[in-house]
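Here is a short tour of one protein model. Please keep the sequence and the structure in view while reading.

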Amino acid sequence: GWEGGYPEIVKENKLFEHYYQELKIVPEGEWDQFMEALREPLPATLRITGYKSHAKEILHCLKNKYFKELEDLEVDGQKVEVPQPLSWYPEELAWHTNLSRKILRKSPQLEKFHQFLVSETESGNISRQEAVSMIPPLLLNAHPHHKILDMCAAPGSKTTQLIEMLHADMSVPFPEGFVIANDVDNKRCYLLVHQAKRLSSPCIMVVNHDAASIPRLSVDVGGRKEILFYDRILCDVPCSGDGTMRKNIDVWKKWTTLNSLQLHGLQLRIATRGAEQLVEGGRMVYSTCSLNPIEDEAVIASLLEKSEGALELADVSSELPGLKWMPGLTQWKVMTKDGQWFASWDEVPHSRHTQIRPTMFPPKDANTLQAMHLERCLRILPHHQNTGGFFVAVLVKKSSMPWNKRAPKLQGDSAELRAPAQSSPAGPTGGTAAGPSELERTPVTGMGDAEVIERTENLDDNGNKKDGVCGPPPSKKMKLFGFKEDPFVFIPEDDPLFPPIQKFYALDPSFPRMNLLTRTTEGKKRQLYMVSKELRNVLLNNSERVKVINTGIKVWCRNNSGEEFDCAFRLAQEGIYTLYPFINSRIITVSLEDVKILLTQENPFFRKLSSETYSQAKDLAKGSVVLKYEPDPTKPDTLQCPIVLCGWRGKASIRTFVPKNERLHYLRMMGLEVLAEKKKEGPVLTGDSASGSGPPEDEASADRDEEQAASVDGAGGDPAGGPGASAPQSRTADL
């Protein structure tokens, strides 16, 4: 019974069983199945990221190749079930399999499949995500023009789903909407950045705040400052996590009702803060991976009660056909950690009042309770579709929250004094006590905010805006957070840096140059990033109020010795799909065969490429180029999605600048299997093309000198392949 050197955890918890049997969360006669399912390991699930035109190709590749190879396979005497699509997820883009992570990692027969999963996850084409956690973004029903706030976003799998929804139409490089992804934990914010980076979107911003007091942002609307209200808010709150027992087995040992009692107040504060920032007519999804009504229905009921009709539960029963769920509870009781039950607030002794709050009980009045429609919440039980346990509620905002309606307008000077406290990141975090204290502090967050914020900002903005810097470097107040991000500096209209770039790449006049930014206020600008104009608006108007961890995608990097070329900046693969629609020169159309050569050989000479490619390249000046493959619809067996790669035209050769995982991804889509790379060699290819292991003749060495000019600035660490063949290609600095 020793696995990996640890004793087997006993999957028993009598208090857990007693509690949930008493609350009747499982239908009659299904208790044993429920407990059995909880003791089984969770099936592995994966989601194909939907917004890339490559999603269909990946699906095709998975179904026709990898899943076929899993048929009739046995591992440790157990037959491997071929993965099945999740019936309720649109377009077969999510799959589950009975393979546990352990089997995937350990078994040699599955090595290819495992490598495929790891590599495609790295390049952002698939996501290893638990099935139930895919539900909240689907129920948000987000569209490309929506402003979305993800309040507790790390580690970021739901955030990536939301970004995909923004980019539903791949031909629009800058959707009008954006995602602001927040997390209270600074370290987890960087996890979030890593996840979001894989999708290369100019419409995502990662911020670091306590969700319960996330600051109100303002935006410029036709020259006036207005408060930013979100169209969609995802409120996936911290919870006790007893729905995750199949994955986090230590929950069996640690489970007690105390966790829920301690979290309830925070969950309610976060949900309330979300509701305040939702636009009228907007939709907010509240979710937890807990089965406990104290964290679920009790939070929703008390939010509905205090909203006085401003919020209501939406009926989403028909929105995910194929998903099995139980309706929300309308009655529940509260139990202390030592097993004492209370059916209503009146029964709770004074000594327990700090631990148990009135908001934890169902509303007493039968009519109030009925009008809430708590049965519209969705409860997902593990044994119904072999998943984790989960809770989701979808709220729609009908009007302003009551305390925002009746807020008095603050008069005269006192308004000026009180406003900064409201807008400073440090302000609200201190005074958030549990439960009903919301109502005491409400008048400050009134609609009076709009005027107050506007007035104080006019005072302090005059000095800030001088050169499109997104605010000065963070104020002293922010330094208390141990937060030292570089500023975001928008490139001024008259910056001499831009005309050579515009000329070299023949950028379209419609190119939104206002949205270019760098991360340094002085010295040479090394990287240029791009955000959408809506995020630019948010950044410029809230620099003092919000702790931005990351935003924008890298579109250009400075060449090490760029001055000797016509343009000092080369294209970055990370932002090429955003930039490509605006580029009108230096585009080389390549064939599928060319793509294979470019991705498997280090510096292929012109003569190795097709004559069409050579004739386009021969007259171009040295420097960065775009390599574009257009699918041929008359040959349905070939790759059917367009590919855009960044390259470099050298003296006699062309090479690509594509991070390793992305390179492997494209090769795989073309039917070339790439085996594990040995430490000092290039990739080993199987299929109909062999790898060119390093440049053959002498002209290559002359060429190599210029390639260095195009090498990545400040690429951290030594390239994986050492000085040998695969070095320049395995640089992952663009990731």
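Tyr 286 and Phe 391 are both buried, where buried means under 20% relative accessible area, exposed over 50% and partly exposed in between, with a 1.4 Å probe and protein chains only. This is a predicted model, in which local features need pLDDT of at least 70 and side-chain atom pairs count only at pLDDT 80 or more, while totals for chains, interfaces and linings use all residues. Residues are numbered from 1 along each chain as its sequence is written, and side-chain values use heavy atoms, with hydrogens and water left out.

**Aromatic pairs**

Rings of Phe, Tyr and Trp (its six-membered ring) pair if their centres lie within 6.5 Å; planes under 30 degrees apart count as stacked, over 60 as edge-to-face and the rest as tilted. By this rule the count comes to 21 aromatic pairs. Tyr 286 and Phe 391 form one of them, as the table shows. Tyr 286 belongs to strand β15 and Phe 391 to strand β21 (residues 390-397), so this pair ties together parts that are 105 residues apart in sequence. Helices (H or I, at least four residues) and strands (E, at least two) are DSSP runs, numbered from the N terminus.

Phe 511 and Trp 556 make another edge-to-face pair. This pair also links distant parts of the chain, 45 residues apart. Phe 511 is in the loop between α20 (498-504) and β23 (516-518), and Trp 556 is in strand β26 (residues 553-558). Both Phe 511 and Trp 556 are buried.

| Pair | Centre to centre | Angle between planes |
|---|---|---|
| Tyr 286 and Phe 391 | 6.4 Å | 75° |
| Phe 511 and Trp 556 | 6.0 Å | 70° |

Ring pairs also build a cluster: Phe 174, Phe 498, Phe 504, Tyr 505, Phe 511, Trp 556 and Phe 582 are linked in this way.

**Charges over rings**

A charge sits over a ring if NZ of Lys or CZ of Arg is within 6 Å of the ring centre and within 35 degrees of the ring normal. The charged end of Arg 536 sits over the ring of Phe 490, 4.9 Å from its centre. Arg 655 lies over the face of Phe 657, with 4.8 Å to the ring centre.

Thr 288 lies in strand β15 (residues 278-288). Is Thr 288 buried or exposed? Thr 288 is buried, because its relative accessible area is 0%. Its side chain has two polar partners to look at. A polar contact is a pair of N or O atoms within 3.5 Å; within protein, one must be able to donate a hydrogen and the other to accept it, and residues adjacent in sequence count only if both atoms are side-chain atoms. The side chain of Thr 288 reaches the backbone nitrogen of Ser 290 at 3.1 Å. A polar contact of 2.7 Å joins the side chains of Thr 288 and Asp 296. Leaving aside neighbours within four places in sequence, Thr 288 touches several residues, including Asp 236, Val 237, Phe 390 and Phe 391.

Cys 289 is found in the loop between β15 and α11 (297-307). Cys 289 is partly exposed, because its relative accessible area is 23%. Beyond neighbours within four places in sequence, its contacts are Cys 239, Gly 241, Asp 242, Gly 243, Thr 244, Gly 389 and Phe 390. The unreviewed UniProt entry carries the annotation "active site" at Cys 289; such annotations may be inferred rather than shown by experiment, feature names are shortened, and positions are given in the numbering used here.

**Backbone details**

The peptide bond from Ala 154 to Pro 155 is cis, with omega near 5°. Pro 155 is in the loop between β9 (147-150) and α7 (157-166). Asn 141 has a phi near 55°, a positive value in a residue other than glycine. Asn 141 counts as partly exposed, at 34% relative accessibility.

**The whole chain**

The chain has 26 helices and 33 strands. Of its 735 residues, 58% are buried. Helix α23 (residues 592-600) has 8 of its 9 residues buried, so it is largely enclosed by the rest of the structure. Among the buried residues of α23 are Leu 592, Asp 594 and Lys 596.

Terms used
Contact = heavy atoms within 4.5 Å.
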